Amino acid sequence: MAKRLLLSGNEAIAQAALDCGVHLGTGYPGTPSSEILEHFAAIGGKAQWAPNEKVALEVGIGAAFGQARVMTTMKHVGLNVAADPLFTIAYSGTPGGLVIISADDPGMASSQNEQDNRRYAIAAGVPLLEPSDSQEAYDFTIKALELSEKYSLPVILRVTTRICHYKCVVKRTEKNMPSIPQYERNIKQNVMIPAYARIAHRKMRAKLKDIAEFNESSEFIQEENNGSELGIITSGISYQHSRDAAPEASILKLGLTHPMPLQRINDFANKVKKCVVIEEGDPIVHEFCLANSIEVEGKDEMYRFGELNVNRVRRILNNDLSEEAKPPVGKPPQLCPGCPHRKNFETLRDLSCIVTGDIGCYTLGVLPPFEAMDTCVCMGASIGTGLGMRHVLPEDQARKVVSVIGDSTFLHTGINGIVEMVYNRPETGHVVLILDNSTTAMTGLQEHPGTGRKLDHSPAPKIVVEDMIKAMGVDNVDVCDPLVDYDNFLSTLKKRLNSNDLSVMIVRRPCILAAVKIKKYEETNA
């Protein structure tokens, strides 16, 4: 095998998973994490898209219960969806190695928030590793699985947009293959009823204490001593920026940032006259130091937002609180020319509808020239948000409320919204538009359960959305294409808005970027 490869962080994680014998990779696509499972599948790993991150993690947990090595991938907001199983599996643990990749997005390059998922490791009580480049993304993936197996705990590998996408040379290690999966029954460990969970919680906290002691002298700490004037405590991509911004500084780089090595941090801070914590996102390491009476400086609130870079690190070190130069104005995102969604938003705008939107490329319907979206909260929220408006608004406004959601997003977390709609029916009914472009477009044209193809584009059973919705008790289910018969689309939409019915309109036309690929897949699979 090639010993050295030029890899992005995402590719490095995938390569490490293959090299250490990960049996299964599960996840849901989301920038900046999408390429991990795609590359894992391309180089020979077994990978699959789940309907959402919660299901992906649950499948991963099941495989880890069978003593398999498992990788579950998602972007940072995906961990919100997977939080329910995360908090419980931290108690029970798994006999197989389970690494959860959280790809955080400081600066919100393609996200609705810039939450720092180191908070999840602290709250759930699981170890967290932060690589600082592609080589560490490779090494830490393998070490995360080994750590998980040693302590029977899931381990979060937190990467960020810059780590995911920039490339460097990666040196591969010799293959480290796990044992063959098998199941061994352990009811008290794996069934989290209160009586067993109370015991498991204490065990989990004891494990974290052991890991904290291990971390004091672990391979995850890198200390560079360059004198006693300035010391920097850092982790992840911030290490690279710090090294360039202050080559004269002594540096303590933390790789395992939960649980943190208290004594090691304290000893380092005491060696230098001025000690500054440089971290991207929330001041988590800084708060840990202050809580333990370690004298360190942190960054001002203004540097909490967006990505760090070399210049911003220099400003932090110099306590420069002057206004930062504004970044160059880029071209605003927009729906592609020829995108089938454009006609839908033109119509909703012209009808003065109140549109509760969702997450996907169709979210761009909020921008000019359409400006036809009134709310956007999170994946799958459009239906519930629209129902809330329908329940309370005056009738003349309620009848204008339309929920818009994509096909992949509908299968992700939109189905429960239809259940809610049928169960708690508004007096004016409701109208839902499912914009079905036959792909997961925003994150790179990935497959989903409604396309009839697996992650590698081979054939799979297809979820027929209209059949499912009809079976759920919705009054009207229409399938239409405004670009083929606009008059029918418009008249149907007006009719549904003026009735008290529950109506779902599936507006179906393949994404213009995916259409050629879809045709090729269908010809190949025929």
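Reader: Which residue stands opposite Leu 433 in β17?

Author: Val 404 stands opposite Leu 433 of β17. The model is predicted: local features need pLDDT of at least 70, side-chain atom pairs count only at pLDDT 80 or more, and totals for chains, interfaces and linings use all residues. Residues are numbered from 1 along each chain as its sequence is written, and side-chain values use heavy atoms, with hydrogens and water left out.

Reader: What makes β16 and β17 a pair of strands?

Author: Strand β16 (residues 401-406) and β17 share five bridges in the parallel sense. Two strands pair if DSSP finds at least two bridges between them, so five bridges qualify β16 and β17. Strands themselves are DSSP runs of E, at least two residues long, and helices are runs of H or I of at least four, both numbered from the N terminus.

Reader: How do you know that β17 is largely enclosed by the rest of the structure?

Author: Seven of its seven residues are buried, where buried means under 20% relative accessible area (1.4 Å probe, protein chains only), exposed over 50%, and partly exposed in between. One side of β17 presents His 430, Val 432, Ile 434 and Asp 436, the other Val 431, Leu 433 and Leu 435, and all of these are buried.

Reader: What joins β19 to β17, and what joins β19 to β18?

Author: Seven bridges link β17 (residues 430-436) to β19, in parallel; Ile 434 has Ile 506 as its bridge partner there. Strand β18 (residues 476-480) also runs parallel to β19, with five bridges, and Val 477 stands opposite Val 504. Strand β19 (residues 502-508) is mostly covered, with six of its seven residues buried.

Reader: Why are β9 and β13 called edge strands?

Author: Their sheet is open, with four strands in the order β9-β11-β10-β13 and mixed pairing. β9 (221-224) and β13 (274-278) each have a single partner strand, so one side of each lacks a neighbour in the sheet. The partner of β13 is β10 (residues 230-235), over five parallel bridges; Gly 231, for example, is bridged to Cys 275.

Reader: Why is Ile 193 called partly exposed?

Author: Its relative accessible area is 40%, which falls between the 20% and 50% limits, so the label applies. Ile 193 lies in the loop between α9 (187-190) and α10 (194-215).
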